[in-house]
Amino acid sequence: MLFAQETSAQQAPAMPQAVQATPVAPPAEVNGLLPDARLHGRATLRFLGLDIYQASLWVPAGFDAARWSQQPFALELSYLRDLKGRAIAQRSVSEMRRQDTWDETLADPWEARMAALFPDVRRGDRITGMHVPGRGARFVANGRELGEVADQRFARLFFGIWLAPQTSEPTMRTALLGLRP
């Protein structure tokens with residue numbers, strides 16, 4: 001999940017109480033997909049003491065964490081350091097490989113598609129991925145449409161980086177989905 005060349009990560013302990021206590025509005029791009037979106041969970045990814053990004057999960061009313069892959073939602077990554085778009089794509093594929101239904105023949109085409117979509121990011125930039133059930137994933141950076149990957153399997157595996165039980169960051173998954181540790 002780091003989206004850089006390192007292979008392991010640690011994140012700060014999640015603080016769901018703070019998320020719930022502080023009213024927060026979703027980014028504008030989320031309102032089109034989820035007009036009633038609310039912040040479900042938030043966590044910061046850290047690696048070797050460095051803050052990498054803050055992840056925020058935006059969901060509609062009635063969201064069921066146990067069925068995340070069947071529902072619309074938006075995952076917003078607010079970057080806390082500069083990263084290359086190509087590195088984000090490479091790390092995404094590496095993390096997607098952790099999923100139980102990975103097909104290696106998809107690695108190169110999906111990495112190429114993400115490399116074409118994901119820009120280099122600087123501290124303060126945001127990339128929001130929107131899960132559209134039955135369709136795939138749509139991406140927006142700093143409010144600007146990047147494009148989509150119209151493939152349901154891609155969307156499930158991509159968002160599984162953070163939300164699937166096979167994630168490399170189970171504490172982050174727990175915080176985002178509001179699960180009990």
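**Cavity and core**

Mentor: In the largest cavity, S4 supplies the largest share of the lining, 3 residues. The model is predicted, so local features need pLDDT of at least 70, side-chain atom pairs count only at pLDDT 80 or more, and totals for chains, interfaces and linings use all residues. Residues are numbered from 1 along each chain as its sequence is written, and side-chain values use heavy atoms, with hydrogens and water left out.

Trainee: How many cavities of 30 Å³ or more are there?

Mentor: The search of the whole structure finds 1. A cavity is a set of points on a 1 Å grid over the protein atoms alone where a 1.4 Å probe fits but cannot get out, and lining residues have an atom within 4 Å of a point.

Trainee: What volume does the largest cavity have?

Mentor: About 70 Å³, the volume being the space filled by probe spheres set on the points. It has 11 lining residues, and Leu77, Ile127, Phe139, Phe158 and Trp162 are the closest to its centre.

Trainee: Which residues have the most contacts inside the largest nonpolar core?

Mentor: Tyr53, Leu57, Met96, Phe139, Phe154, Phe158 and Trp162, in a core of 47 residues. Such a core joins buried Ala, Val, Leu, Ile, Met, Phe, Trp, Tyr and Cys residues through side-chain atoms within 4.5 Å; buried means under 20% relative accessible area with a 1.4 Å probe, protein chains only.

Trainee: Changing topic, is Glu111 buried or exposed?

Mentor: Buried, with a relative accessible area of 18%.

Definitions and conventions
On a 1 Å grid over the protein atoms alone, a cavity is a set of points where a 1.4 Å probe fits but cannot get out, and a pocket is an open set with protein on both sides within 12 Å along at least five of seven lines; lining residues have an atom within 4 Å of a point. Helices (H or I, at least four residues) and strands (E, at least two) are DSSP runs, numbered from the N terminus. Buried means under 20% relative accessible area, exposed over 50%, partly exposed in between (1.4 Å probe, protein chains only).
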